[in-house]
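I opened the model to look up a few places along the chain and to note what surrounds each of them. The entries below follow the order in which I went through them.

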Amino acid sequence: MKETQTILSLITQSASLLERAGVDTPRLDAELLLADLLGVGRAHLYAHPEQELDTDVLREFLRRLERRAKREPLAYILGRAEFYGLEFTVTPDVLVPRPETEVLVEAILARAPQTVADIGTGSGCIAVAVAVNLPRAQVWATDISEGALRIARENARRHHVADRVHFLQGDLLQPLAGLRLDVVASNPPYVAESERLSLQPEVRDWEPPQALFTGADPLQFHRRLAAEAHFHLREGGWLMVEVGMGQAEAVASLLEEAGYRQVRIQNDLAGIGRVVEGQYSPK
Ligand SMILES: C[S@@+](CC[C@H](N)C(=O)[O-])C[C@H]1O[C@@H](n2cnc3c(N)ncnc32)[C@H](O)[C@@H]1O
């Protein structure tokens, strides 16, 4: 690239480089990287296309552009992602929050629970979004990963809910020993090892494997949640889980076989069955 660059020429060249690297949204990503570095909104880039960039900005931009060209997720380069209208700190210790997971948050909020568990909290996006939107709720958020819990705690502090979100490290429901809650929710890993090669490089090569992969059985976490969650639900409480594409019917059957009532599938915006919920009501 040239020594001096204007905003427009830099964006144009960077977008074509990212396109060649196989990035899905090359121009948008180039704009977001530059806007972030300049500390401006994207509108500024359109309003000042002829603005010349100084060498320091250019050098740092090219470093970040190179990372993106290696298919590192934009959210890791920026250090943040938006979820449910809130900004979350993200690092390679946590899964990048996905828009489809907002369906799970909606399902939780619709039950207006006072006590909620978020199992496998990652960045804390579900737990924190619920705590922010239900100002009286107490939330327990668990993860097996210490690194993820560090980021989740930071996100709870960032959104002023650290006093109501209780972070616990451990395997699945084990940290909830002795608790009975209104809602047990989870977006657990649900990708079979055999699907690894079909994933985008951003996911396959950069996101934490333990947030994604389940070994041979893609539903192993859903099976355990269906079998064990009722020990941590009060009577009438709800188990709510996110599922991968094509898994909703099988998970609904798991919940029914485990004795849950009113089992229901909720679709995401793409019309894909994304959340399965069922009510614990012992006979
Ligand atoms: C699909 S990610 C979901 C992260 C976050 N809740 C979200 O929706 O973006 C699954 C999370 O489960 C955690 N996890 C994996 N195995 C676990 C286990 N056995 N017990 C508890 N958490 C686990 C991973 O560390 C990861 O943070």
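**Strand β3.** I looked up Ala-117 and found it in strand β3, where helices (H or I, at least four residues) and strands (E, at least two) are DSSP runs, numbered from the N terminus. The model is a predicted one, in which local features need pLDDT of at least 70 and side-chain atom pairs count only at pLDDT 80 or more, while totals for chains, interfaces and linings use all residues. Residues are numbered from 1 along each chain as its sequence is written.

I count Ala-117 as buried because it has 29 C-beta neighbours inside 10 Å; the cut-offs are 20 or more other C-beta atoms within 10 Å for buried, 12 or fewer for exposed, and partly exposed in between, with C-beta atoms placed from the backbone. Not counting residues up to four places away in sequence, Ala-117 touches Trp-140, Leu-176, Leu-181, Val-184, Ala-185 and His-232, a contact being two C-beta atoms, placed from the backbone, that lie within 7 Å. I also noted that Ala-117 and Ala-141 are 24 residues apart along the chain, with their C-alpha atoms separated by 5.7 Å.

**Cores.** Which residues have the most contacts inside the largest nonpolar core? I found Val-130, Leu-239 and Met-240, in a core of 63 residues, where a nonpolar core is a set of buried Ala, Val, Leu, Ile, Met, Phe, Trp, Tyr and Cys residues joined through C-beta atoms within 7 Å. Helix α7 (residues 125–133) gives the most to this core, with seven residues. A second, separate core has 11 residues, including Ile-7, Leu-10, Val-23 and Ala-30.

In α12 (residues 248–257) I found Ala-248, Val-251, Leu-254 and Leu-255 buried. These residues are on the same side of α12, because they cover an arc of only 120° around the axis, the arc being that of the directions from the helix axis to the C-beta atoms. The face turned away from the buried side of α12 carries the exposed residues Glu-249 and Glu-257. Among the elements that cover the buried residues of α12 are α11 (220–228), β7 (233–242), β8 (261–267) and β9 (273–279). Just after α12, Gly-259 takes a positive phi of about 100°.

For α6 (residues 102–110) I listed Val-103, Leu-104, Val-105, Ala-107 and Ile-108 as the buried residues. What covers them includes β3 (115–119), α7, β6 (181–186), β7, β8 and β9. Just after α6, Ala-112 takes a positive phi of about 40°.

**Other positive phi values.** Most residues other than glycine have a negative phi, and I therefore noted two further cases for a second look. Tyr-84, in the loop between β1 (80–83) and β2 (86–89), has a positive phi of about 50° although it is not a glycine. His-160, in the loop between α8 (146–158) and β5 (165–169), is not a glycine either and has a positive phi of about 60°. Are these residues buried or exposed? Tyr-84 counts as partly exposed, with 19 C-beta neighbours inside 10 Å, whereas His-160 is exposed, with 11 other C-beta atoms within 10 Å.

**Trp-206.** I placed Trp-206 in the loop between α9 (201–204) and α10, and it is partly exposed, with 17 other C-beta atoms within 10 Å. Not counting residues up to four places away in sequence, Trp-206 touches Glu-72, Pro-73, Tyr-76 and Pro-92. Trp-206 and Pro-92 are 114 residues apart along the chain, and their C-alpha atoms are separated by 6.9 Å.

**Ligand shell.** I found 21 residues surrounding the ligand, the closest being Gly-120, Gly-122, Ile-144, Asn-187 and Ala-211; a residue belongs here if its C-beta atom, placed from the backbone, lies within 6 Å. The elements that give two or more residues to this shell are α7, β4 (138–143) and α10 (209–212).
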